[in-house]
Amino acid sequence: MEAGAASIVKCEAEEISANSDTKKAKREESNIMENTMKQELKICQSCGMPMQEEQYGTNQDGSRNEKYCCYCYKDGAFAQDCSLEEMIEFCAPFEVEGGRAKTLEEAKGMLGEYFPALERWRA
C-alpha cells in the first residue's frame, strides 16, 4: 500500500473511532440525564401529573405522600371518589390546555391508555 493510501485509511479509522467514542459519550450522558429526571420527577399515581415536592399529597399523619399529588390525595385519602372514566373526563381538558393533545377526544384516548398503568387504577 502506498504511503498516501495508508494515511487515508489511518485517518478514516481514527475518525470512525472518534465518532464511536462521541456516540458512546452521548448515550451515557443521555442515560445519566434520564436517570436524574426519573429520580427528581415523580408522577402522581392517580392523575399522572408530574410533581415537584410542594405538590405531593399528604398522609393522615400530615407527612407527605410521594405517590399522589396534593390535588388527588389529602390527609390520607383520595380527594375525589371517582372512577377511572371520571378521572379521564376530568383530566382531558388539561391535556388540551397544555398542548399535549389537540382535541378532548384525543386527550381521552391518550389518558385511557396511560391511566390504567398508574397505581390507583391498576386492576
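Cysteine 70 has a relative accessible area of 22% and is therefore partly exposed; buried means under 20% relative accessible area, exposed over 50%, and partly exposed in between, computed with a 1.4 Å probe on protein chains only. The model is a predicted one, in which local features need pLDDT of at least 70, side-chain atom pairs count only at pLDDT 80 or more, and totals for chains, interfaces and linings use all residues. Residues are numbered from 1 along each chain as its sequence is written, and side-chain values use heavy atoms, without hydrogens and water.

With a disulfide taken as a pair of cysteine sulfur atoms within 2.5 Å, the count is 0 disulfides. Cysteine 70 is thus in none, its nearest cysteine sulfur being that of cysteine 69, 5.5 Å away. Cysteine 91 is buried, at 8% relative accessibility. Its closest cysteine sulfur belongs to cysteine 47 and lies 5.3 Å away, too far for a bond.

Cys47 and Cys91 return in the lining of the largest pocket, where they are among the residues nearest its centre, together with Met49, Phe94 and Glu95. A pocket is an open set of points on a 1 Å grid over the protein atoms alone, where a 1.4 Å probe fits, with protein on both sides within 12 Å along at least five of seven lines; lining residues have an atom within 4 Å of a point. The volume of the largest pocket is about 450 Å³, counted as the space filled by probe spheres set on the points. Of its 19 lining residues, helix 2 (84–97) gives the most, with 5.

Terms used:
Helix = DSSP H or I, 4+ residues; strand = E, 2+ residues; numbered from the N terminus.
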